[in-house]
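I opened my notebook to look up two things here.

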Amino acid sequence: IYISASILEIGGRKVVQGIFRDISELKRIEREKKEAEALALIDPHTQLYNYRYLQRRLHSEFELAKRRATPLSILMVDIDYFKSVNDTYGHEYGDVVLQEFAIVLQHASRGIDVVTRFEGEGFAIILPDTEGKGALTFADRIQRIIKKHRFGANKVKLRISIGICSYPEDGIATVDHLLTNADKCVRFAKDQGGDTISV
């Protein structure tokens, strides 16, 4: 309920006039709008943040790193030969594997890290306050975890390619430069046959 009040003078007497408005419908519309905005930033299959959120968050983390003169790294993680999983077991099973993969990435990450799915079998992890050496250590750990894990009911083994880019040590000047370089690194890792890390 929204209440507004005013004082009026009627016949030489001061009276308080109150107006009560039921704003339940307005609140419901606002809540639905916020939920829709939130959903637009979430990947429906994995419940991770999506590419739109990745760009938004990376811009804010990049500006923060510049202001504080602290490092910032990003990992691009791509599942090698994921098409063969879909071809062998079906897309529904592939979705289950992606969901499980997303959970493994989240559990391997720190609380301050931001795990996103930006396309198909491509994921990105923003690592605040992390220089290149720390990002490489983290990438090694993720690769070991993924190699040991068996995904889905059929216990599928996955291999991943990882690209790493770090600010400021990689000569990065913009967010686009950071993303482009990380993408080039993961593409290079895949071109080498996958199952590797490129910096």
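Which residues does Thr 130 touch, not counting residues up to four places away in sequence? I noted first that this is a predicted model. Then I listed the contacts of Thr 130: Pro 71, Leu 72, Ser 73, Arg 110 and Ala 135.

Next I looked up where Thr 130 sits. I found Thr 130 in the loop between β5 (122-128) and α5 (132-148).

Is Thr 130 buried or exposed? I read a relative accessibility of 7% for Thr 130. The cut-off for buried is under 20%, so Thr 130 counts as buried.

I then checked the polar partners of this side chain. The side chain of Thr 130 makes a polar contact with the side chain of Arg 110, at 2.8 Å. I also saw the side chain of Thr 130 reach the backbone oxygen of Pro 128, at 2.8 Å. Arg 110 is also among the residues that Thr 130 touches.

I moved on to the helix pair. Helix α2 spans residues 51-68, and helix α6 spans residues 175-191. I noted an angle of about 120° between them, with their axes 10 Å apart. The two helices are therefore oblique to each other. α2 passes α6 in a right-handed crossing.

Which residues meet where α2 packs on α6? From α2 I wrote down Tyr 51, Leu 54, Leu 58, His 59 and Phe 62. From α6 I wrote down Val 175, Leu 178 and Leu 179. I sorted the residues of this contact into 7 nonpolar, 1 polar and no charged.

Key:
Residues numbered from 1 in each chain as written. Predicted model: local features only at pLDDT ≥ 70, side-chain atom pairs only at ≥ 80, totals over all residues. Heavy atoms only, no water. Axes fitted to C-alpha atoms, helices over the stretch in contact; angles between N-to-C directions. Helix = DSSP H or I, 4+ residues; strand = E, 2+ residues; numbered from the N terminus. Parallel < 35°, antiparallel > 145°, perpendicular 65-115°, else oblique. Left-handed = near helix turned anticlockwise from the far one by under 90°. Contact = heavy atoms within 4.5 Å. Nonpolar A, V, L, I, M, F, W, Y, C, P; charged D, E, K, R; others polar. Buried < 20%, exposed > 50% of the residue type's maximum accessible area, 1.4 Å probe, protein only. Polar contact = N/O pair within 3.5 Å; in protein donor to acceptor, adjacent residues only side chain to side chain.
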